[in-house]
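Please open the structure in your viewer and keep the selection tool at hand. The stops below are meant to be taken in order.

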Amino acid sequence: MSASENPPAPAPREDGRRLAISLAIAFLAVGLAYFAIAVPGTWFPSRSPLAWSASQLSLVRGTGSVVGDELVVTGSAPDGSVLVSIETDFRTDQYPAVAWAAIDLPEGASARLLWRNDVAPTRLNSVAIAVESGRPLPVALEGSAAWIGRAKGIALLVATRLDRPLRIRGVVAKPMGMVEVARDRASEWLAFEPWTGESVNKIVGGADLQDLPLPALVAAIVIIAVALWYAWTRAVRRSLRALPFAAVAAFIAGWFVLDARYMFNLSRQVADTSARYRGLDLREKHLAAEDGALFGFIENARAVLPATPARIFVGADAHYFRGRAAYHLYPHNVFYDPVRDAMPRPEVLRPGDYMLIYQRHGTQYDVATKRLRWDGNAPVSAALEASDTGASLFRIE
Amino acid sequence: MGTAGLVVAVGLPWLLGIAWLRALSQGGDSLADPGRLAWMLGAGWFAGVLLLTLLMRALGTIGARLSLGTIASATLMTLAFVAWIAWRRGRRLKLAAVRSSLQQLRVTNLGTGKRVVWFALLGWLTLRAALLLAEISTRPLFPWDAWSRVASKARVYYELGRVMPFGDAERWIAGSGSVWFDAGPHDPVTIPLLQAWTAFALGRWDDVLLAVPWWFAGVALALALYGILRMAGLGALAALAATWLAVSLPLLDAHVALAGYAEIFLAAFFLLAAFSAVQFAITRSRASALVALLFACALPLVKSSGAFWLVALIPGTAAALQPRRATRIALTAAGLVAAALFAATRTRATIAGIPLHLDFAPAWPTLVENFLLLDNWHLLWLGVAAVAAMAWRVAITAPLLPLTLLTGAGIAYVFAIFAFPMLAAWRGDSSTMNRAALVVAPLACAWMALTLAAWSDRWSRRETPIPVRT
C-alpha cells in the first residue's frame, strides 16, 4: 500500500482551460436537456404568473379567518375536511402549474387541487397535491386531460383533520417557463432540511421530494465534462497525460458544490438549534425539547418515586413516548415494549411496582376503589401517586 | 466541573491511547515522518476509548464501584505503565519531532496555488468542525437508538456506579429487579461505558455534553485518515483533500452531530484495523500485530454486527500476509462467500432459532436512490465506481491488492445486506444499508485516493506528449 511520492505532472494551463470550458458546456448541455424535458410550454412565456392573495380566498368548509396576509384555518368542517376556493378565469394552456402557498398542513395529509373548466363546467376535476414538511408542493397539470379550456375556479381540499391551524397565503397559476422551473429546482435544493429521527439513516439534500436531485445533476455534469475534455484533447491531438488531473478536478469541483449546499444547510440547523436551546440549562432544554411535556411529568413522578431503583412499567400509545418516558426514568428499573403498544399481564405485577401511563387509551382507574385496569384485563389494586393531563403514575398494592 | 470535566473525559483516554501506540511503534518511526503525528493523535483517541472502556469492564468484573476516582486511578496507573514501556523501548515523545511535524502544516514545499488550496481546505474543515461542535454542545440527546439503547445503559451505570446487567423481557420479568431492560439489552457496552465515563468526569448526568466525545471522534477520524494517507506516500494536499472527502460525507456528519450511535466508532475501527493489518504484514513485528489486533477486536466490542466487519477484514489481511497467494486468496474468499450465500438461499434450516434461509431480494431503486440520488454520500459511490472502472488494473497490483480486498470485502458486505435483507437477523441488528455503508466509507475514501494516485502516476508515465506539428 504505497502511493507515489511524486504528484502527477502539473497539468498545463491549456488542459485546465479545456476542463473549465468542458465543465461549462456540460453544465449548459445538462441544463438545456433538463429544461427540454421539464418545461411544459414555451421556455420564455410572455405572461406573468397569476396570483391570488389570502383575502381573495373563500373558506367553503372549515372555520377560520384572514389574519394579516394569511387565511388562518383553525378547524376542519364536521366531516374533517377543509375546502378553500377562488373564482378564476384563465387559459389553462398558458398556465400549466398551480402552486398553493400554505404551511402547517398535518403530517401525511391528503390534499387535492380541484378545478372546473368551461369545456365541461358541471364536472369537478381534481388531482393529488404532494405535501412536504407541511407545505403543498406545486402541481404540474400539463399532462392532465381535464386541464383544458379556461379554468373557472380552483380550490384546495384538505381531507385530513387539522391538528393545528392551517395558514394559507394564496395561490399562484404559473406559466412554468425556464426561469420558474429553475427557481423551483433551486428552492428544492436549498430547502432547509432539519434533523429528524431519520437523519442518522438518510440525508435527502434539501426538500423531501425533488424533481431533479442535485447529486444526480452534478454527477451527470462531471461525467460529461470529463468525457468532453477527453474527446476534445484527442481531437486537437494533445497529450492525455492530464486525464487524472481533469477527472479529479471535475470530481472535486462537483463535490464542493454539493458540500457547499450541505454546509449552508448545517449552518441553518445550527442557528435553528441555537434559537431553541441557547442560554437554557439542562432542565430547561429538556422542557423545550420535542417531549417537553412528558419530561415535565416525569420530573414530578420522580419526586414521589423511591431513591433506590423501583420496577416501573411504562405504557403509552406511541412507542416514542414509551421509550422517552423510560429514558427519563432511568436508573429506575423500567420496562416497556419498544415495538408494540403492549402492557404487561396483571399477574406479572408485584406490590411495590409502579406503572406510568402516558397518553394511552384503554386504561381506567377507579379512584374510589383504587382499582386499575387496562385492555380488558382483571383490575389490580393501585394507588395514584402523581397525575397530569393524560399522564398518571400508580403504585401497585 | 463542565469544561474541566470534559478535558478529563477526553484527555485521559486520549493520552492513554497515544502512549499505548507510542509504546508499540517501530524503532525507526519518527513523529517527524509525514503523517505519523496525525496518525498517532487520531488512532490514539480511538485506542484510548477502547482501553478505557476495557478498564471499566475490568473494574466492573472485580466488583469495584465505578466512579471518577476508581476509573481515573486505573487509567493513570495503566498510562504510567504504558509510558514506562515506551520509555524502556526508547519511544519517547521528542518535542523537536513534534514541532517539525507541526511545521509541515505550513506546506512550504508547495507552490503558491497549492498552498492557497491547502489553507482554504483547512479553513473549510475548521468551519465544519466549528458548526458541528456548536450543534452538539447545544442539543440534548436526540436520535432514537442513542437514548433507547445506548444512553439508557450509560445512565444506569453512572447513577448506580456498576455495570448492571441488561436482559430481554423474559429475563427482566423473572429477575425481580436485578436485571435492567432497554431496547437493545444485548448490545455491547463499550459505547454506553464511554458515555458513563463522560458523566463521571463531568460529575453529573448531562446528556448535552455527553455528545462531545462524538465530535472528538470525528476530528480523530480525520487525523487518523490524513496520517494513514501521508504514511502511505500521498502528498500533503492530496491527503488533506481525501480527508475532506471522508469527513464531508453528510451521513458521517449526521452521526457526529446527532451523537450517540456506534457507527462512527465502527467506521474508525474498521479503517484503523485495515491499515494496521497491512502495516503488520509489512513489519511482521509483535508490536504492530498487537495494534492491529486491538483495533480488529474493537469491532465486535462496539456493535454486535462488528463481528461481520471483523470477518470482512480477513481476505485483505491474508492477502497482505501472503502476497504471492493474494490472487488465490481473493478468488477463494469470493467463491466461499458466494457459495455460502447461495447455500443459504437453498436451505430452510435454523440454528438457535435464527433461520439460515436467505432470499435474494435486492431493491435496486432503493440502492440507486440512497447511493446516487440522495445526498447521503455526495459523489462517493460514483467516485468509487469510476476509480474501479478506470484504475482496476492498478488496484489489483501487489502494493494495492490488500487494500482493494479490504475495501471490496466491506462493500461486498454492504451489498449482501442490501441483496439479502434477511441477513439482519444474522447480524442481530437492523441498521439500514446506509448505516452499514458508513462503516466502510472512510476506508473507501482512502482506497480511492491511493488507487487514483498510483493510477495517475502510471498514466503519466505511459502517456507521452504527442509532438505538436508546427
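**Charges over rings**

Begin with Arg139(B), which sits over the face of Phe142(B) at 5.0 Å from the ring centre (a charge counts as over a ring if NZ of Lys or CZ of Arg is within 6 Å of the ring centre and within 35 degrees of the ring normal). This is a predicted model, in which local features need pLDDT of at least 70 and side-chain atom pairs count only at pLDDT 80 or more, while totals for chains, interfaces and linings use all residues. Residues are numbered from 1 along each chain as its sequence is written, chains are lettered from A and ligands numbered from 1 in the order in which they are written, and side-chain values use heavy atoms, with hydrogens and water left out. Next select Lys153(B), which lies over the face of Phe166(B), 5.4 Å from the ring centre.

**Ring pairs**

Over all chains, a search of the whole structure finds 46 aromatic pairs (rings of Phe, Tyr and Trp, the last by its six-membered ring, with centres within 6.5 Å; planes under 30 degrees apart are stacked, over 60 edge-to-face and the rest tilted). Select Tyr336(A) and Phe181(B), whose ring centres are 6.0 Å apart with planes at 80°, so the pair is edge-to-face. Tyr336(A) lies in the loop between β16 (333-335) and β17 (354-358) of chain A and Phe181(B) in the loop between α7 (169-174) and α8 (190-202) of chain B, so the pair joins two chains (helices, H or I, of at least four residues and strands, E, of at least two are DSSP runs, numbered from the N terminus). Tyr336(A) is buried at 3% relative accessibility (buried means under 20% relative accessible area, exposed over 50%, partly exposed in between, with a 1.4 Å probe and protein chains only), and Phe181(B), at 6%, is buried too.
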